[in-house]
Structures are given as C-alpha cells and as structure tokens.
Amino acid sequence: MSDASPLSRLTAALSGTVFGQQRVLADLVTAFLARGHVLLEGVPGVAKTLTARSMAGALGLLFTRIQFTPDLMPADILGTNVFQPQDNAFRLVKGPIFTEVLVADEINRTPPKAQAALLEAMEERQVTIDGVTHPLPPHFFVVATQNPLELEGTYPLPEAQLDRFLMRVRVGYPEGDAETTMLRAFHQREGRPPSVDRVLDAPTLMELQARAARVTCDDSILQYVVAVVRDTRASPRVRLGASPRAAQALLAAAKARAALMGNDFVTPDDVKGVVPSVLNHRLLLKAEAEVEGVTADDVLKQTLERVRVPR
C-alpha cells in the first residue's frame with residue numbers, strides 16, 4: 001500500500017518518544033485508523049498520558065487533557081451557555097471536549113454522571129448542550145486512562161461506557177533494555193519534556209483512515225470474526241459474551257491492523273492480533289470463574305485455540 005511510508009514515519013516518531021511499548025503503540029495507531037477510542041489501563045508511571053500526547057503531536061492534532069476527579073461535572077467537560085449582558089444573549093463557552101485528541105485521565109475517578117458526558121461525543125462525534133447539537137472535529141479521538149489496582153474512591157465504568165471504547169489496552173512495564181534507553185534519553189534532555197515532531201498532515205490522515213476502511217475482506221474472514229464472537233458467548237466461564245457491535249469493532253480493528261502492516265487485505269493473523277484488546281473489556285465472567293482466577297484474556301486465548309482458522 002502506498003500509505004505504508006506515512007505509517008512507518010508515524011510509528012517511528014512514536015517509538016522515539018515512548019520506549020518499549022511497541023504493542024501499545026500498534027494498538028493505539030490501529031484504533032485511530034479505525035476511528036475508534038482507546039482505554040489505556042496500567043499503573044502510574046508507565047507513560048499512558050505521554051503516549052497519547054506523543055500521538056497527538058505526531059498527527060499534528062489539537063491535544064487536551066482532563067483530569068477526572070470526584071467533583072467533576074458534565075459542564076466542566078462539555079461547556080455551558082453563559083449570559084452576556086452586553087449582547088443580552090447567551091453565548092456558548094466551549095469545554096475541553098472541543099478538541100481533536102482528548103485524554104480523559106483517570107476516568108474511573110469521576111462519578112457516572114460525568115463519565116456519561118462522553119457517551120454522545122464518543123459515539124456520534126457531537127455534543128448536545130441545552131438542546132443544541134454541536135459537531136466535534138472529524139478526527140476526534142478519546143484516550144482514557146485508568147489504574148486497575150488502586151480502586152479506593154473510584155467508580156468502575158459501566159458496560160455501556162466500556163463498549164464505546166474500541167480497545168482496552170493494558171500498559172505494562174517497558175520491555176527488554178527499553179528502560180535503559182528511556183533513562184538515557186531523559187538524561188540527554190536535561191530535564192526538558194519529550195517532544196515529537198508532526199509527521200502527517202490532515203489530508204494524509206483522512207486518506208489513511210479511508211484506506212483502512214476500504215481494506216479487502218474475504219467472506220471467510222467475516223465468518224471467522226463471527227465464529228470468534230459467538231464462541232465467547234458459548235464459553236461456560238462467561239456470563240455475557242461479545243455482542244454484534246463487538247463483531248463490528250473486531251472487523252474494523254482487523255482492517256486497520258492490516259492497513260498498518262501495509263496490506264490490502266485482512267488475514268486471520270490480523271484478526272487474532274486485535275482480539276485481546278478489542279474483546280477483553282466486552283466479556284462478563286461468571287462469579288465462579290473469577291474466584292478461580294480466570295481472566296477475560298484466558299477465555300479469549302482458549303477461544304482462539306478452539307475456533308478453526310480459515311485457509
């Protein structure tokens with residue numbers, strides 16, 4: 001594909017700022033190409049916010065970060081109409097959601113009412129304030145973060161909110177010698193924050209997303225996606241399996257992954273590569289499975305082993 005070069009420049013730019021997180025970066029770029037949103041889950045200090053900021057910088061998009069707190073209100077996110085005495089009229093003061101890359105930092109630290117303020121924006125790329133609908137930029141991209149370990153004073157995201165994220169990506173510690181490389185770069189910057197150069201322009205972004213949507217998909221791949229999703233529903237360890245919307249998300253992510261790899265068509269490996277991040281937050285396990293220590297990732301691994309791969 002002719003877009004392999006721009007994507008290579010993008011991944012190279014991100015790798016020069018975020019070290020040892022190749023899988024995370026691949027998932028992040030995949031979600032953006034598929035016009036989805038990402039929930040980054042990991043302990044503090046593993047570069048979740050830096051990853052999102054670097055992505056925005058490399059794409060040349062406007063970046064806004066919201067620190068989600070227990071006292072955050074929907075108007076703090078969306079904005080509000082303020083009366084202007086000099087004009088004798090109300091004027092919209094836009095909130096931080098009017099951006100292109102929005103980082104919802106520690107999204108599970110705010111009550112459900114504030115969490116729900118993102119629902120319309122994530123699903124329809126628009127917000128409604130006092131009955132008036134306001135469009136968001138076409139590249140609107142939400143990267144939310146949460147700490148899976150520190151649960152005191154948090155409000156777990158309901159299934160309807162989780163389902164709006166194309167992917168839930170678990171961010172671990174850097175791989176191999178990446179931590180040494182990271183420290184070397186930190187030392188060489190002499191305390192300055194890392195920066196990433198813009199490598200793509202707006203027309204290129206639109207073309208990349210359009211090409212990802214047009215990637216060829218054989219009927220056998222469609223059947224494979226359906227078989228994977230349906231197998232999660234039949235698992236004896238699962239109380240609620242993946243939905244038809246999850247199947248659509250899986251296909252969109254597989255097409256984007258194929259485009260990222262420079263291919264014109266989807267392969268079974270593209271599907272398998274995105275299954276964990278696309279489906280791990282869409283399964284509800286039975287209580288006895290959780291007691292046994294079984295995770296959604298375990299169920300998905302067994303699913304991929306059971307479902308026949310098309311040839």
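I take a crossing as left-handed if the near helix is turned anticlockwise from the far one by less than a right angle, and as right-handed if clockwise. The model I am reading is predicted, with local features needing pLDDT of at least 70, side-chain atom pairs counting only at pLDDT 80 or more, and totals for chains, interfaces and linings using all residues. Residues are numbered from 1 along each chain as its sequence is written, and side-chain values use heavy atoms, with hydrogens and water left out.

**Helix pair.** I looked up helix 10 (residues 219-234) and helix 14 (residues 296-306), which pack at an angle of about 130° with their axes 10 Å apart; helices here are DSSP runs of H or I with at least four residues, and strands runs of E with at least two, numbered from the N terminus. Axes are lines fitted to C-alpha atoms, for helices over the stretch in contact, and angles run from 0 to 180 degrees between N-to-C directions. Helix 10 passes helix 14 in a right-handed crossing. For the contact (heavy atoms within 4.5 Å), I noted Tyr224, Val228, Asp231 and Thr232 of helix 10 against Leu300, Thr303, Leu304 and Arg306 of helix 14.

**Threonine 110.** I found threonine 110 in the loop between strand 5 (101-105) and helix 5 (112-115), and it is buried at a relative accessible area of 0% (buried is under 20%, exposed over 50%, partly exposed in between, with a 1.4 Å probe and protein chains only). A polar atom of its side chain lies 3.0 Å from the backbone oxygen of threonine 69.

**Aspartate 130.** I then checked aspartate 130, in the loop between strand 6 (126-129) and strand 7 (132-135), which counts as exposed at 62% relative accessibility.

Note on methods:
A polar contact is a pair of N or O atoms within 3.5 Å; within protein, one must be able to donate a hydrogen and the other to accept it, and residues adjacent in sequence count only if both atoms are side-chain atoms.
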